Each structure stands twice: as C-alpha cells, then as structure tokens.
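Here's a quick tour of one part of a predicted model. Have a look at the fold before reading on.

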Amino acid sequence: MLELTGPTLPRRSRAVALLATGAALTATLLGAASGTALAEPTAAKAPAKAAAAPDISLANVKAHLSQLQSIASANGGNRAHGRSGYKASIDYVKGKLDAAGFTTSVQQFTSGGSTGYNLVADWPGGDASHVLFAGAHLDSVSAGPGINDNGSGSAAVLETALTVAREGYKPGKHLRFAWWGAEELGMVGSRYYVNNLPAAERAKIDGYLNFDMLASPNPGYFVYDDDPTIEGVFKTWFAGKNISTEIETEGDGRSDHAPFKSAGIRVGGLFSGAETRKSAAQAQKWGGTAGQAFDRCYHSSCDSTSNINDTALDLNSDAIAHAVWTLSGGTTNPGGTSFENAADVAIPDAGAAVESSIAVTGRTGNAPSALKVGVDIKHTWRGDLVVDLVGPSGRAYRVKSSSGSDSADNVIDTFTVDASAETANGTWKLRVQDIGAQDTGYIDSWKLTF
C-alpha cells in the first residue's frame with residue numbers, strides 16, 4: 001500500500017497468446033465439421049442464479065507467496081518498481097495465467113526514469129459490455145520483499161483467477177484481473193491504465209475490486225464502503241462467518257481503487273490493516289494484540305513470508321472468490337431468456353463458411369430490436385473472420401467484418417442486432433468464415449438473449 005505521505009502522480013502492449021491446439025484437438029474439431037456444419041442446438045436456458053464460489057486453497061495462495069519471496073531474495077531483497085524483482089514477479093504471474101487459458105497483456109509505462117509494467121488478464125466469455133474487474137498491486141517498496149504488502153493481495157487474486165479456470169466457470173459478466181505496477185509511488189500503474197482507457201471501455205466496467213494487504217499479522221477485517229452493493233456482498237459473507245467488519249478508512253484513497261473511483265467507476269475491496277495500531281475494542285472483536293500495529297513490518301525488510309496471518313489470508317481469499325462469483329454470475333439482462341449452443345465447430349483455414357444453430361422456442365411475436373448475440377470464437381488471427389447472425393427467415397445480419405490489420409486472437413464479444421423483422425421462434429444460426437490463410441480456430445460457444 002502507498003505511503004500516506006508519498007507523491008500522487010498522475011497502450012497496453014498486447015502479449016499475443018497463440019491458440020494452442022494439439023493434433024488430437026485438431027482431429028476432433030475437424031471431425032465435428034465433417035458431414036454437416038450445423039452443431040446440434042441446446043435447449044433454452046433461463047437466466048441462472050449466481051453459482052456458489054468454490055473454496056480458495058490457502059496452500060496454493062501461500063505457494064504463490066513463497067515464489068514471490070524467492071524472487072525478492074534472488075533480486076536484491078525486493079520487488080520494487082524498476083527493479084529486476086518486479087519484472088520477475090510479473091513474469092511469474094503471467095506464466096500461470098497463460099497456462100490456465102487467460103488472454104494476458106502487459107502494459108508498459110515510465111515512472112522515475114524506469115519502465116513499469118501492468119499485467120491484465122481476461123477470462124474468455126461473459127458479456128463484454130459488462131466487466132467485473134479485480135486487481136492488486138504487485139510491486140513492493142525497495143526496503144523489503146513486500147509479502148503482505150502486497151504479495152498477499154496479488155497471490156489471492158491470482159489464485160482466484162486460476163480457480164476460475166480450473167472450475168471452467170462461465171460468468172454472465174466478463175471477468176478481468178490485473179496486477180498493477182508502481183503503486184508504491186502513487187498508484188502510477190493503475191492511474192496510467194485508467195487514464196489511457198477509452199471512455200467507451202471505462203463505461204463497460206461494472207465494478208473494480210481492489211485487494212491490498214490481506215494477511216496482516218495482527219489483522220483487522222475492513223471493507224471498503226465506496227459502493228453499497230459491493231460493500232454489502234463482502235459484509236454479508238463475513239457476517240455468515242460470524243466475523244464483524246469495519247469500514248476501511250486507513251487506506252482510503254491510498255491504493256489502486258482510487259483512479260477507478262475518480263473515473264466514476266464503482267469500487268470496493270478488502271484490507272487487513274497497516275501501520276495503525278489495533279484498539280482494545282478491535283482486539284476484543286478480532287483477537288490479536290491491542291496497542292500494536294496491524295502490520296509491524298509495514299514497508300520494512302521483515303515483510304516476508306513470516307509476516308503472514310494464515311487465518312486472515314484464508315478468509316480474505318475466500319471472500320474475494322465469493323464477490324467475484326456473486327457479482328459476475330447470472331445474466332446481465334434481467335428478465336431476458338437466453339438460448340445457447342456450446343458445441344465446438346471447427347472453422348477451416350481460408351475455407352467455406354460454417355454454421356452453428358440454436359432452436360428458439362416458447363417465444364411470442366418477433367425478436368427484439370436489441371437482440372444480444374454473445375460470441376466466443378477461438379482463433380489465432382481474428383481479423384480473418386467474417387461473422388453473421390442468420391435469422392429464421394434466412395436473412396443474414398453482419399456482426400463482424402474482416403480486417404487485415406486486426407492481428408489479435410479470439411472474438412469474445414456481445415453484439416446487439418436489430419432483429420425485430422424476424423419471428424423469434426425458429427432456427428437461428430451463427431455463420432463464420434475464415435477468409436485468410438495460415439490461422440485456424442473454432443466456434444467455442446454462442447448465445448442469444450431475448
């Protein structure tokens with residue numbers, strides 16, 4: 001966490017993650033495409049309630065902390081901005097996320113004459129017009145390894161993201177995670193990210209959750225009170241564990257939620273205390289030692305793996321997962337009905353168009369003028385792809401054109417189509433054609449929300 005007396009300082013270079021498809025997967029996909037290009041439609045799906053969050057493994061979170069400690073020990077004892085330990089920390093987290101199937105990007109910025117890095121990871125799927133964002137700063141101060149501040153938040157967010165992947169979680173909202181650089185110099189990395197985010201992209205962020213210092217050795221349980229909905233999710237979870245919480249005031253405006261809040265984005269988060277001393281009332285409520293700082297090793301060389309309270313780390317990690325699952329689950333179109341096809345359909349390289357179909361039943365009248373078309377297409381050069389929605393009448397609605405300059409991978413987005421001329425009931429198709437050579441992919445899933 002940033003020093004209260006520290007300075008306040010006021011695009012992302014995309015790390016291209018190529019789609020990994022082995023021979024067995026390729027054969028499976030090509031087999032699915034033979035004979036007929038139409039995938040079997042799935043049944044209608046009504047909006048689902050948010051799934052319950054799984055338990056976050058304390059052992060896994062602590063394993064990440066051990067790696068961050070080892071990185072600091074091998075790089076002059078810290079992981080500070082501009083130092084080799086920070087870049088090694090970024091590389092460690094990015095490697096874990098890439099292997100889990102996230103789309104990662106590293107954004108560079110400059111502060112104090114040194115290059116800094118933000119790492120942003122997007123989980124495929126979810127409504128791209130509604131983003132739930134969780135983050136933590138990854139840098140330490142130069143005085144020590146920064147395992148509580150803020151290895152604890154970084155490791156908990158990382159393990160939550162990896163759990164999303166292991167669970168194969170399919171959220172209603174799009175999930176994004178980030179690890180910020182140079183927070184200790186005045187939220188430089190997160191401020192740079194927010195300031196360089198186009199207004200249209202800022203508007204898609206439904207909420208940003210910040211996690212800075214989650215395992216203080218003499219812990220408190222503090223919840224940000226910036227947004228009542230987000231605050232309520234955390235407070236309700238802790239109440240279910242018979243743990244009282246307090247409003248977080250010590251770090252207000254001192255961590256990476258501040259730039260998001262200044263940009264008008266809803267924020268929330270958790271905190272276990274820094275240099276402030278625990279009161280007698282707090283010690284009675286939470287245990288620990290009254291009159292002693294929540295973290296006696298705050299911004300010091302002793303902020304190592306021995307400076308961690310396992311109970312606080314475990315509880316706060318599980319609370320993160322609860323908030324992510326609760327705030328991202330279900331549908332982003334309350335009252336709507338979704339129909340989805342999750343069968344894979346291979347897209348031949350520079351070949352004929354393929355189609356995936358959905359049978360819509362039980363609707364009355366025509367489709368809406370703002371029909372939502374959620375698309376998840378895995379492809380190593382999305383500029384090659386032309387995507388159309390085909391209505392029951394056979395009319396095609398172009399949702400994505402090809403672009404020779406768009407070298408990014410995957411089409412994961414939600415498009416809005418005026419389909420009011422179509423009868424709602426009937427067979428709808430997603431038609432995809434690869435018009436360029438050398439890159440391959442497949443339709444992973446798609447859905448219609450009325």
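## Strand pairing around E3

Val-120 sits across from Ala-178 in E5. That pair belongs to an antiparallel pairing of E3 with strand E5 (residues 173–180), which has five bridges. Strands here are DSSP runs of E with at least two residues, and helices are runs of H or I with at least four, numbered from the N terminus; two strands pair if DSSP finds at least two bridges between them.

Strand E2 (residues 103–111) also runs antiparallel to E3, joined to E3 by nine bridges. Thr-103, for instance, has Asp-122 in E3 as its bridge partner. E2 and E3 make a hairpin with two residues between them, and Gly-112 in that turn has a positive phi of about 60 degrees.

As for cover, eight of the 10 residues of E3 (residues 114–123) are buried (under 20% relative accessible area, with a 1.4 Å probe and protein chains only).

## H2 against H3

Helix H2 (residues 58–73) packs on helix H3 (residues 84–100) at an angle of about 150 degrees, axes 9 Å apart. The axes are lines fitted to C-alpha atoms over the stretch in contact, with angles running from 0 to 180 degrees between N-to-C directions. The two helices, H2 and H3, are therefore roughly antiparallel (over 145 degrees).

On the H2 side, the contact (heavy atoms within 4.5 Å) involves Ala-63, His-64, Gln-67, Leu-68 and Ile-71, and on the H3 side Gly-85, Ala-88, Ser-89 and Tyr-92.

Residue numbers start from 1 along each chain as its sequence is written. Local features need pLDDT of at least 70 and side-chain atom pairs count only at pLDDT 80 or more, while totals for chains, interfaces and linings use all residues, and side-chain values use heavy atoms, leaving out hydrogens and water.

Conventions: Parallel < 35°, antiparallel > 145°, perpendicular 65-115°, else oblique. Buried < 20%, exposed > 50% of the residue type's maximum accessible area, 1.4 Å probe, protein only.
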